[in-house]
Amino acid sequence: MSCPKLANLGRALWQRSNKTPPFPRSVKIQALACGSLGSGMSGNEGGKCCKSGPNCGSTQISAAAASPSQSPSPPSPAHRHQVVGKMRSEESLGVSGRSYSSTAPQVDPKTYLWARYNEMKRLVHDLIPPGVCNLLNPSTIYANNEVDLDKVDIYGFDYDYTLALYSDALDAMIYDKAREFLVEHYKYPQGIMKYDYVPNFAARGLHYDIQKGLLMKIDAFHYIQLGTVYRGFSPVPDEEVLQLYGGTNHVPLHQVSGFYGKGPKIKQFMDVFSLPEMTLLAAANDYFISNDIEYDPEHLYKDVSEAVGMVHIKGFMYKWIMQDVEKFILHGDETYAVLHRLANSGKKLFLITNSPFSFVDKGMRYMVGKDWREFFDVVIVQADKPHFFNDCVKPFRRLDSNGDLQWNKIDRLDKGQIYEQVSWIRGRSISR
């Protein structure tokens with residue numbers, strides 16, 4: 001039996017309003033970001049953007065789609081930015097699986113695709129006034145401006161780094177505590193304690209080769225961006241990268257991480273909480289290499305991940321923030337303004353977070369006020385995402401105003417109440 005949790009949650013929220021019902025599950029809405037996935041971080045190639053928004057990244061996608069059975073190989077480093085010459089008659093050449101009558105000479109599909117990519121890249125950049133790209137913040141999220149938010153009736157929020165934005169001081173504290181766990185609990189060399197947190201060393205979205213101990217940027221087509229590969233805090237020469245990966249900088253899809261950042265050989269750090277983890281991995285790698293100590297990169301990755309996880313599991317981060325919300329939580333006025341505007345416009349809001357109620361309540365009272373729950377039609381804490389989306393076993397539990405679990409059976413989710421340990425209750429409709 002499937003778990004139609006999100007569909008039923010959306011249906012329940014819609015049933016309380018007289019507005020247009022949510023999209024059916026089969027409908028997929030595609031959001032286009034400036035530069036697509038390849039421009040999620042700063043870099044010589046991936047970080048460029050342009051005024052036309054989606055048009056920046058769409059060329060790459062359509063070019064790759066023209067020959068789905070073959071992935072284009074990267075040009076040589078010396079000619080990475082050059083435009084390959086192409087006659088207009090080549091555009092009528094056959095695509096794989098088709099034949100056309102033409103007197104033009106046959107062109108290798110990979111050469112043709114790279115020529116099209118480089119030409120369109122040049123044309124796009126020619127349209128941008130000089131210096132504009134340098135003014136764009138590579139960490140900014142560029143929304144799909146074709147989506148009419150006025151027609152969206154239901155808005156969902158996470159808490160951490162969505163409603164609550166944290167200062168950089170939190171990253172340094174997570175790093176310091178995880179480094180302490182690594183030395184004291186996992187018995188790593190005391191010398192690692194000399195490595196302080198390095199702000200801005202890493203960025204969200206980087207990949208980490210678990211077996212080779214390399215941190216790098218991989219673009220949307222699974223190509224390692226040469227010049228972005230680091231072993232510890234030292235950059236790895238392009239020639240060595242190509243040698244390590246069998247003469248190419250393309251990473252096979254089956255090795256790359258899945259949607260939640262977990263892969264057999266390469267992990268992608270998807271969230272902002274990963275910044276201290278990436279920095280600690282670099283510090284530990286750097287220490288072993290600098291001191292000529294033999295080690296297994298896979299063991300190091302496992303230990304660092306668990307050490308960072310202990311900071312969250314043992315509640316250190318929650319305790320730090322609750323003790324000084326003004327120091328760690330940013331832009332509380334903006335959070336209130338967004339929620340107030342949506343609620344006044346008749347929108348239905350829900351909050352689903354993995355954080356505990358006491359932690360969320362403290363922060364929301366600081367940002368929004370003591371009546372913050374009145375903004376939301378459904379509030380779910382300790383949801384255990386991503387398992388929340390497919391777990392059909394655990395029942396709903398309601399919490400009282402003190403955050404204590406109640407024992408009554410839940411067959412609907414009421415506005416103003418707090419729930420946790422969420423799953424779809426079979427045979428029951430979540431409605432008012």
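In strand S10, the bridge partner of Phe350 is Val378. This pair belongs to a set of 3 bridges that join S9 to S10, two strands that run parallel; strands here are DSSP runs of E with at least two residues, and helices are runs of H or I with at least four residues, both numbered from the N terminus. The structure is a predicted model, in which local features need pLDDT of at least 70, side-chain atom pairs count only at pLDDT 80 or more, and totals for chains, interfaces and linings use all residues. Residues are numbered from 1 along each chain as its sequence is written, and side-chain values use heavy atoms, with hydrogens and water left out.

From S9 the chain passes through helix H12 (residues 357-367) to S10, in a right-handed β-α-β crossover (with the strands pointing away from the viewer, the path from the first strand over the helix to the second runs clockwise). S9 also pairs with S1, in the parallel sense, over 4 bridges. Within S9, Leu351 is the bridge partner of Phe157.

These strands belong to an open sheet of 5 strands with mixed pairing and the order S1-S9-S10-S12-S11, two strands being paired if DSSP finds at least two bridges between them. Strands S1 (154-157) and S11 (397-399) stand at the edges with a single partner strand each, so one side of each is left without a neighbour in the sheet. From one strand to the next, the twist averages 25° (axes are lines fitted to C-alpha atoms, with angles from 0 to 180 degrees between N-to-C directions). S10 (residues 378-381) and S12 (residues 418-420) run parallel and are joined by 3 bridges. Tyr419 in S12 is the bridge partner of Ile380.

Strand S9 (residues 348-352) is largely enclosed by the rest of the structure, because 5 of its 5 residues are buried (under 20% relative accessible area, 1.4 Å probe, protein chains only). Lys348, Phe350 and Ile352 point one way from S9, and Leu349 and Leu351 point the other way.

Beyond its neighbours within four places in sequence, Trp372 is in contact with residues including Leu351, Phe357, Met364, Val379 and Ile418, contact meaning heavy atoms within 4.5 Å.

Methods
Buried < 20%, exposed > 50% of the residue type's maximum accessible area, 1.4 Å probe, protein only.
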